[in-house]
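User: I would like to learn how to read the features of a structural model one at a time. Please give the general idea of each where there is one, and then the case at hand.

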Amino acid sequence: MKEFVDVDERLPLSKTIPLSIQHLFAMFGATVLVPFLLGVDTATALLLNGIGTLLYLVVCKGRLPAYLGSSFAFIAPVTAVMAAPGLGYSAAQSGFIVFGFSFVVLAFVVKKIGVAWIDTLFPPAAMGAIVAIIGLELAPTAMGMAGFIGAPPAGMDAVTARLISGFTLVMTILFSLFGTGFMAIIPILLGVVSGYLLSLAFGAVDLAAVAAAPWFAVPTLYTPTWSWEAIFIILPAVFVVFAEHVGHLVVTGHVVGRDLMKDPGLSRSLLGDGLSNILSGLAGATPNTTYGENIGVMAITRVYSTRVIGGAAIIAIVCSFIGKIAAVIHGIPVPVMGGVCILLFGIIATTGLRMLIEQRVDYTRPENLILTAVTLISGLSGAVLDFGPFHLQGMALATVVAMVMAICLRLSRSLRKE
C-alpha cells in the first residue's frame, strides 16, 4: 500500500473490508453504549448510524471521511425527558428531529456568515463549563450502574456488581494506557469484552437469551410524539454538538492534509449531520455526531478513503439485522457498562476542563471567572426553572444561563469602554 491513501481514492475490496471493520470496531463500544443506557434497541442505533453516515458522505460529495455515531451529549437531557411526568422516549424523539433541523439551519447560517458568532454566544469560559456539566451530571448514573449507589442490579449482589464494574474499569484504563496501534483506539470495546468475560465466569450473563435469539431480526422502530417540553430540554445540546462537530472537522482536516472547512465545507458537513439526525429522530435512534475514534483509525492507517467509511456504514447496517448481536449487547450486565461509564463520563467532564486550558481562558479577568462559576453552579445545583409547561434544569439551564450572561457581559464591557 502507498504511504497514504487520499480521501477520494478507491481501494480494492480485499483492503477496503478489513479497514472498514477496523472503523466499525473503533466506534462500536461507544455508539451502542448510548442506546443501552437509554433502554433503546441498539440495533436501531447501528442501522441509523449506518444509513446516516452514507447520507452524510453523499451530501459531502464523498470528500469528507467521517463516521456518524451515537452522541453522548444527549444522555443527560434525554434522561431528564424520560424522567419527567407524562413524557418518555417518544417525546425525546421530537427533540432529536428539531435538533436535526437546527443543524440544517446552522448549515445555511454558516454558509452565509461563518462561525464567528458562536464565540459571542458561547465564549470558551462558558462552553468548557457546559461540556464539563454533561459529564458531571451523569456521575451518579455511572456509580449507580457500577453498584456503588442505590440497590445493586437485579439478580446480583452489591459485592459482585462492584467487583465486575471495578475490573471493567481497570481493564479499560489499562488498554487506554498501554494499548498500541489499533488497540489504543478501542479501549472501550476491549474493556466491555473483559467485563463480559468475567461476568460469564460469575454466571451473570444469560446465554439462553442469546441462544434463543434469531439470526435475522428487524431493528425496532419507534414512533415519535410531539412535545415542546422535551424539545426545550434537548435543544441546548445543539451548541455543544456544534462545537464538537467543528472541532472534529478541523482535526480531520489536519489528519488528511486538506482544508475540509472549505472543501467540501463546514456547511455541507452540518447539513449532512442534520439530515441524518432527522432520520434518526423519526425512526427512534439516538442522535449522532462525528466520531473522534474514527479519526484515530485514519491517523494510524493513513488511509482516508471515504469508501472505507462507507464500507463501515454498510457493515453496521448488516449487523443491525443480526439478532444474536443485539442479544449479546442487551445481555451485557449493567455493572460492566457502569465500569466503562465511570471513565467515559469522567472523560467528558475533563474534556470541558481541557477546552478551558487549550483556549487559555484567563481567569484573572472577572468576566471569565463569573461566566464559568455561574454556569457550573446553575447546571449542577439541581435547580429547576419552570416556564409554563417547560422545565429548565441541568445542562439545558446552564446553556441558557451561559448564553444570557455572555451577552450581558459583552454589553457591559462595551459600555465600560465607552
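User: What is the volume of the largest cavity, and which residues lie nearest its centre?

Analyst: The model is a predicted one, and the largest cavity in it has a volume of about 70 Å³. A cavity is a space where a 1.4 Å probe fits but cannot get out. The lining consists of 15 residues, and Pro65, Ala66, Thr252, Thr290 and Ile295 are nearest the centre. Two elements, helix 12 (237–256) and helix 14 (292–301), each give two or more residues to this lining. Helix 12 provides the largest share, with four residues.

User: How does a pocket differ from a cavity, and what is the volume of the largest pocket?

Analyst: A pocket is an open set of points, whereas the probe cannot get out of a cavity. The largest pocket here has a volume of about 1,600 Å³. It is lined by 48 residues, and those nearest its centre are Glu244, His248, Thr351, Arg354 and Met355. The lining of the largest pocket divides into 32 nonpolar, eleven polar and five charged residues.

User: How should I read a salt bridge, and how many does the structure hold?

Analyst: As a general idea, side chains of opposite charge can pair when their charged atoms come close. This structure holds two salt bridges. One of them joins the side chains of Arg63 and Asp263, with a distance of 3.0 Å from N to O. Arg63 belongs to the loop between helix 2 (42–59) and strand 1 (68–70), and Asp263 to helix 13 (residues 261–283), so this pair ties together parts that lie 200 residues apart in sequence.

User: Where is there a cis peptide bond, and which residues other than glycine have a positive phi?

Analyst: In general, most peptide bonds are trans, and most residues other than glycine have a negative phi. Here, Asp263 and Pro264 are joined by a cis peptide bond with an omega of about 10 degrees. Pro264 is located in helix 13. Lys61 has a positive phi, near 60 degrees, and lies in the loop between helix 2 and strand 1. Arg360 also has a positive phi, about 55 degrees, and is found in the loop between helix 17 (334–358) and helix 18 (366–380).

User: How do I read the crossing of two helices, and at what angle do helix 8 and helix 9 cross?

Analyst: The angle runs from 0 to 180 degrees between the N-to-C directions of the two axes. The axes of helix 8 (residues 158–178) and helix 9 (residues 187–201) cross at roughly 145 degrees and come within 8 Å. The crossing is right-handed. Among the residues that meet are Leu163, Phe167, Met171 and Phe175 in helix 8, and Ile188, Val192 and Leu198 in helix 9. Ten nonpolar and seven polar residues, with no charged ones, make up the contact of helix 8 with helix 9.

User: Which residues are in contact with Phe182, leaving aside its neighbours within four places in sequence?

Analyst: Phe182 lies in the loop between helix 8 and helix 9. Apart from those neighbours, Phe182 is in contact with Gln22, Phe25, Ala26, Val297 and Ile300.

How values were computed. Residues numbered from 1 in each chain as written. Predicted model: local features only at pLDDT ≥ 70, side-chain atom pairs only at ≥ 80, totals over all residues. Heavy atoms only, no water. Left-handed = near helix turned anticlockwise from the far one by under 90°. Contact = heavy atoms within 4.5 Å. Nonpolar A, V, L, I, M, F, W, Y, C, P; charged D, E, K, R; others polar. 1 Å grid on protein atoms, 1.4 Å probe; cavity = no way out; pocket = protein on both sides within 12 Å on 5 of 7 lines; lining within 4 Å. Points joined across faces, edges and corners; volume = space filled by probe spheres on them. Salt bridge = Lys/Arg side-chain N within 4 Å of Asp/Glu carboxyl O.
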